[in-house]
Amino acid sequence: MREQYTLETVDLPTLYNIVLEKQRAGYRLAQICATAFEGYNEVIYSVVDGYKFENYKIIVPIDTEINTISDFYPSAMLYENEMKELFGVKIKSINPDYNDKLYRIAVKTPFKKEVKDAVKVVKKEEEAE
């Protein structure tokens, strides 16, 4: 028996269609994962059917709001609350929305990476002067 694994980058409307299609076909939600980059987040949605593991990646600019998928996968609300609280991913209509109270953390959105303005790269030779 060999596991099947796929990773596909899609846009938001395509993601919503795929996730709804997979839910109707009996796939389970395995996980949703976010990774922060400067100015955007990558979010990967993973669904499973037996040994078939499918992953769909979206690239989300920091200011882009995405819809919840908790309407068709209720367990998604935990992943979505986590991404919202830790990475600053803007997700609307999470049910239930913990409003940044899922974790007890001292820093708001600790993994969010803002776009840096006026970054100056200094070479080693310039440091010596």
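Me: What percentage of the 129 residues of the protein chain count as buried?

Reply: In this predicted model, 35% of the 129 residues of the protein chain count as buried, a label that goes to residues under 20% relative accessible area. The accessible surface of the protein chain comes to about 8,600 Å², and 51% of that area belongs to carbon and sulfur atoms.

Me: Why does lysine 22 count as buried?

Reply: Lysine 22 has 11% relative accessibility, and since buried means under 20%, the value falls within that class, so lysine 22 counts as buried. Lysine 22 is found in helix α1, residues 12-24, and once its neighbours within four places in sequence are left aside, it is in contact with Tyr27, Val47, Glu54, Tyr56 and Tyr73.

Me: Why does leucine 78 count as partly exposed?

Reply: The relative accessibility of leucine 78 is 44%; buried would require a value under 20% and exposed one over 50%, so leucine 78 counts as partly exposed. This residue is found in helix α2, which spans residues 76-87, and, leaving aside neighbours within four places in sequence, leucine 78 is in contact with Tyr98 and Leu102. Leucine 78 and proline 96, which are 18 residues apart in sequence, lie 8.8 Å apart in space, C-alpha to C-alpha.

Me: What makes the buried residues of α1 line one face of the helix?

Reply: In α1, the buried residues are Leu15, Tyr16, Ile18, Val19 and Lys22. Seen down the axis of α1, these buried residues fall within an arc of 165°, so they line one face of the helix. On the other side of α1, Pro13, Asn17 and Arg24 are exposed, while what covers the buried residues includes β3, β4 and β5 (65-67).

Me: How does the reach of α1 from its first C-alpha to its last stand against the span expected at 1.5 Å a residue?

Reply: Helix α1 has 13 residues and reaches 19 Å from its first C-alpha to its last, which is close to the expected 18 Å. The helix is followed by glycine 26, whose phi is positive, near 95°.

Me: What makes β1 and β2 the edge strands of the open sheet?

Reply: The open sheet is formed by 4 strands in the order β1-β4-β3-β2, with mixed pairing. In that sheet β1 (4-9) and β2 (28-37) each pair on one side only, and they are the edge strands. Neighbouring strands of this sheet are turned by 15° against each other on average, with direction ignored.

Me: How do you know that β1 and β4 pair, and in which sense?

Reply: Two strands pair if at least two bridges are found between them, and β1 and strand β4 (residues 52-61) pair in the parallel sense over 6 bridges. Threonine 6 stands opposite glutamate 54 in β4. Helix α1 packs on the sheet, touching β3 (40-49) and β4, and its direction makes about 155° with that of β4. Helix α2 also packs on the sheet, touching β2 and β3, with its direction at about 5° to that of β2.

Me: In what order do the elements of the protein chain run from the N terminus on?

Reply: The protein chain has 3 helices and 6 strands, and from the N terminus on its elements run β-α-β-β-β-β-α-β-α. Among contacts between residues at least 6 apart in sequence, 52% join residues at least 24 apart.

Key. Residues numbered from 1 in each chain as written. Predicted model: local features only at pLDDT ≥ 70, side-chain atom pairs only at ≥ 80, totals over all residues. Heavy atoms only, no water. Helix = DSSP H or I, 4+ residues; strand = E, 2+ residues; numbered from the N terminus. Buried < 20%, exposed > 50% of the residue type's maximum accessible area, 1.4 Å probe, protein only. Contact = heavy atoms within 4.5 Å. Areas by Shrake-Rupley, 256 points an atom, 1.4 Å probe, with all protein chains shown as cover. Axes fitted to C-alpha atoms, helices over the stretch in contact; angles between N-to-C directions. Expected span 1.5 Å × (residues − 1). Arc of directions from axis to C-beta.
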